[in-house]
Amino acid sequence: MTAQNWRRVVATWQMIGAYEDVLARLIADGTDDLVGEIDLNYVRDFSDESLTLKLDAGEAPGGLVAAMAGLPEGSASSFVIDASGPLTDWALTLKAEAERMIEVTGSATVNAQAPIGASLKLALVPGEALDPAAHVALGERAELDLVVQETEGGVIRIESGHFRSPSLGMDVSGDYVRDTAAMDFALKLEALAPLAALAEGVDFERFGFDGTLKGDAANFTAKGALTLAGLTTAPADLGGADLDVTVTMAEERVSLDAAGFAEQVARLEGRGVVP
């Protein structure tokens, strides 16, 4: 939605005293041919270091949000935030929806003064037009629960992170260094049968990993216990496996070391099955 698409824009800004209070209000309405509305209230009180923010925005299909986010035709969008409190304990709720794509609701508590920290709870419900792979990962509904805290030296510590959906579960904790993008995480994954739809020609009942992930996105090592149940592929089937594995990515080359045991291994050769 460009400037010529707005029928009415009303903005006010007021400062009271010397850095005591800042009050702002923005109201904007779209034109008749492209409906949109933004209603923003912002109050900053320096006497108690508090901030109140209320945002209610909506836009018809084909507007600015749709263009920037690559939303499909016919997808309207809306965004609501209600937040207040001191910046050391700032509480907010949010609801965002891109019609036919995704709906996100949740709450957060934020410490916006250094060292920053946040506690976040989100629920994500995919729509019919969402990317199929993302839809499989999210299922009917997914939940994210995250607690992060900044520490010395530009380190972001994930004190706890949990993701749950009908097809995927993940627990993570550890440190991320902003300057180097280095990770040092404890990681637990559980992929269930619905997620197998993302791998063509592969089916499984359960895939699990419990271990560590260290390095950065280009060069890392994952080490831990891997469990697998009910694997079915074109060349071979595997009833179950419990392995100690080390996976290393270095300069775009992947290496795998594994030791353990597997059961009910069957290899398909022609029409027969050779155990």
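A residue is called buried when its relative accessible area is under 20%, exposed when it is over 50%, and partly exposed in between, with a 1.4 Å probe and protein chains only. By this rule Arg206 is partly exposed, because its relative accessible area is 31%.

The model is predicted: local features need pLDDT of at least 70, side-chain atom pairs count only at pLDDT 80 or more, and totals for chains, interfaces and linings use all residues. Residues are numbered from 1 along each chain as its sequence is written, and side-chain values use heavy atoms, with hydrogens and water left out.

**The whole protein**

Helices (H or I, at least four residues) and strands (E, at least two) are DSSP runs, numbered from the N terminus. Of the 275 residues in the protein, 31% are buried. Now switch to a surface view.

**The nonpolar cores**

Select Phe185, Phe204, Leu213 and Leu228. These residues have the most contacts inside the largest nonpolar core, which has 19 residues. At least two residues of this core come from each of strands S12 (182-192), S14 (206-215), S15 (220-233) and S16 (236-250). A nonpolar core is a set of buried Ala, Val, Leu, Ile, Met, Phe, Trp, Tyr and Cys residues joined through side-chain atoms within 4.5 Å. In soluble globular proteins, nonpolar side chains tend to be buried together.

Which residues are in contact with Phe185, its neighbours within four places in sequence left aside? Among them are Ile158, Val172, Tyr176 and Leu213, where contact means heavy atoms within 4.5 Å. A second, separate core has 13 residues, including Leu53, Ala83, Leu92 and Ala108.

Two strands pair if DSSP finds at least two bridges between them. Val155 stands opposite Val177 in S11, and the two strands form a hairpin with three residues between them.

How many residues lie between S11 and S12 in their hairpin? There are four, and Ala181 in the turn has a positive phi of about 60°. Ala181 counts as partly exposed because its relative accessible area is 29%.

**Salt bridges**

Show the charged side chains. A salt bridge is a side-chain nitrogen of Lys or Arg within 4 Å of a carboxyl oxygen of Asp or Glu, and the count comes to nine. Side chains of opposite charge can pair when their charged atoms come close.

- Asp171 and Arg164: their side chains meet in a salt bridge at 2.9 Å, N to O. Asp171 is partly exposed, with a relative accessible area of 21%, and Arg164 is partly exposed at 40%.
- Glu190 and Arg206: the closest N and O atoms of this salt bridge are 2.9 Å apart. Glu190 lies in strand S12 and Arg206 in strand S14, so the pair ties together parts that are 16 residues apart in sequence.
- Glu49 and Arg44: this salt bridge has an N to O distance of 3.0 Å. Glu49 is partly exposed at 31% relative accessibility, whereas Arg44 is buried at 12%.

Select Arg100, in the loop between strand S6 (90-98) and S7. The phi of Arg100 is near 70°, a positive value in a residue other than glycine. Most residues other than glycine have a negative phi, and most peptide bonds are trans.

Move on to Pro115, in the loop between strand S7 (102-111) and S8. The peptide bond from Ala114 to Pro115 is cis, with omega near -5°.

Finally, select Glu128, in the loop between strand S8 (117-126) and helix H2 (132-138). Is Glu128 buried or exposed? Glu128 counts as exposed, because its relative accessibility is 65%. A polar contact of 3.0 Å joins the side chains of Glu128 and Arg100; a polar contact is a pair of N or O atoms within 3.5 Å, where within protein one must be able to donate a hydrogen and the other to accept it, and residues adjacent in sequence count only if both atoms are side-chain atoms.
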